[in-house]
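Work through the exercises below with the sequence and the coordinates at hand. Each task is followed by its solution in steps.

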Amino acid sequence: MTGKQLGILAAGGSGILLLAAFIFQLIGYAPCAMCIWQLYPHGVAIVAGLLLAVGLPVVLMLVVGACSAITTAAIGVYHTGVERDWWECPTSCTGAGDALSGLSGSALLPSATDEPVNLVMCDEVVWEFLSLSMASWNAIWSGLLTVIWILAIRQALREATTASQIATAADNEN
């Protein structure tokens, strides 16, 4: 595979992970703040893949994709650590909510109703498979996508070097 093809493959992987996150939302698993943070880099990787497909500079788009994949993997590792109590998370992502227990929804926000809200804290695991949470799975799959992006960069650089050598050889023959 060419570097460009590998990059498009990796972008497709981010697309699948993003689609999976939206499916989880549709079936009732509301995302926490850090879950949402993990989605943005996947979007950037998808855009990088689309820009690769339309012919923008290959190596530049591959680097953007790799940076995006490693970013979402790092957020996934951080989120996993928060869920497993390895370290603290931002105060905006956690809390028992006891301080708000006496307030109604309409008292908290003028446009809110008193309907129950599905509030998810970042330090609580709402779904897991094989003892790994969604954040952990995102970290693993995004780490693998990072490897594909890096392989794509290596391949694209190798292709560029080979093309340069061929051009030099053709110039020398003339």
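A crossing is left-handed if the near helix is turned anticlockwise from the far one by less than a right angle, and right-handed if clockwise. The model is predicted: local features need pLDDT of at least 70, side-chain atom pairs count only at pLDDT 80 or more, and totals for chains, interfaces and linings use all residues. Residues are numbered from 1 along each chain as its sequence is written, and side-chain values use heavy atoms, without hydrogens and water.

**Exercise 1.** Describe the crossing of α1 and α2.

Step 1. Helices are DSSP runs (H or I, at least four residues), numbered from the N terminus. Axes are lines fitted to C-alpha atoms over the stretch in contact, with angles from 0 to 180 degrees between N-to-C directions.

Step 2. The axes of α1 (residues 3-26) and α2 (residues 33-53) come within 8 Å and cross at roughly 145°. The crossing is left-handed.

Step 3. Contact (heavy atoms within 4.5 Å) involves, among others, Ile8, Leu18 and Phe22 of α1 and Leu39, Ile46 and Leu52 of α2.

**Exercise 2.** Where is Asp85 placed, and is Asp85 buried or exposed?

Step 1. Asp85 is in the loop between α3 (58-83) and α4 (105-108).

Step 2. Its phi is positive, about 60°, although Asp85 is not a glycine. Most residues other than glycine have a negative phi.

Step 3. Buried means under 20% relative accessible area, exposed over 50%, partly exposed in between (1.4 Å probe, protein chains only). Asp85 has 65% relative accessibility and therefore counts as exposed.

How values were computed: Helix = DSSP H or I, 4+ residues; strand = E, 2+ residues; numbered from the N terminus.
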